[in-house]
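Reader: Could you take me through a close look at the pocket in this model? I would like to know what lines it and what the surface around the protein is like.

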Amino acid sequence: MLFLVAALLLLGVVLGTVAHAPLTFSLVMAAVIAVWLGVFALRERHGRRHRTPSTGS
């Protein structure tokens, strides 16, 4: 329950900050975050695909 309250508080702070920021700044930052998440997803997928299975010894 405490985690939910902290998450909602953080969401309110972030949304409040975005509401006062210029639209172009918000769009640029959204694009940067989207690219970052895309790179992370590709690295995770690539890492799981090329991981060798362990030999149980």
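Author: Accessible area here comes from the Shrake-Rupley method with a 1.4 Å probe. By that method, this predicted model exposes about 5,600 Å², and carbon and sulfur atoms supply 74% of it. The protein has 57 residues, of which 2% count as buried. Its secondary structure consists of two helices and zero strands.

Now to the pocket itself. Rolling a probe the size of a water molecule over the atoms shows where empty space is left. In the largest pocket, that space comes to about 150 Å³. Its lining is made up of Val14, Thr17, Val18, Ala21, Phe25, Ser26, Met29, Ala30 and Ile33. Both helix H1 (2-20) and helix H2 (23-49) supply at least two residues each to this lining, and H2 gives the most, with five residues.

Residues over 50% relative accessible area are called exposed, so Met1, at 80% relative accessibility, counts as exposed.

Note on methods:
Residues numbered from 1 in each chain as written. Predicted model: local features only at pLDDT ≥ 70, side-chain atom pairs only at ≥ 80, totals over all residues. Heavy atoms only, no water. 1 Å grid on protein atoms, 1.4 Å probe; cavity = no way out; pocket = protein on both sides within 12 Å on 5 of 7 lines; lining within 4 Å. Points joined across faces, edges and corners; volume = space filled by probe spheres on them. Helix = DSSP H or I, 4+ residues; strand = E, 2+ residues; numbered from the N terminus. Buried < 20%, exposed > 50% of the residue type's maximum accessible area, 1.4 Å probe, protein only.
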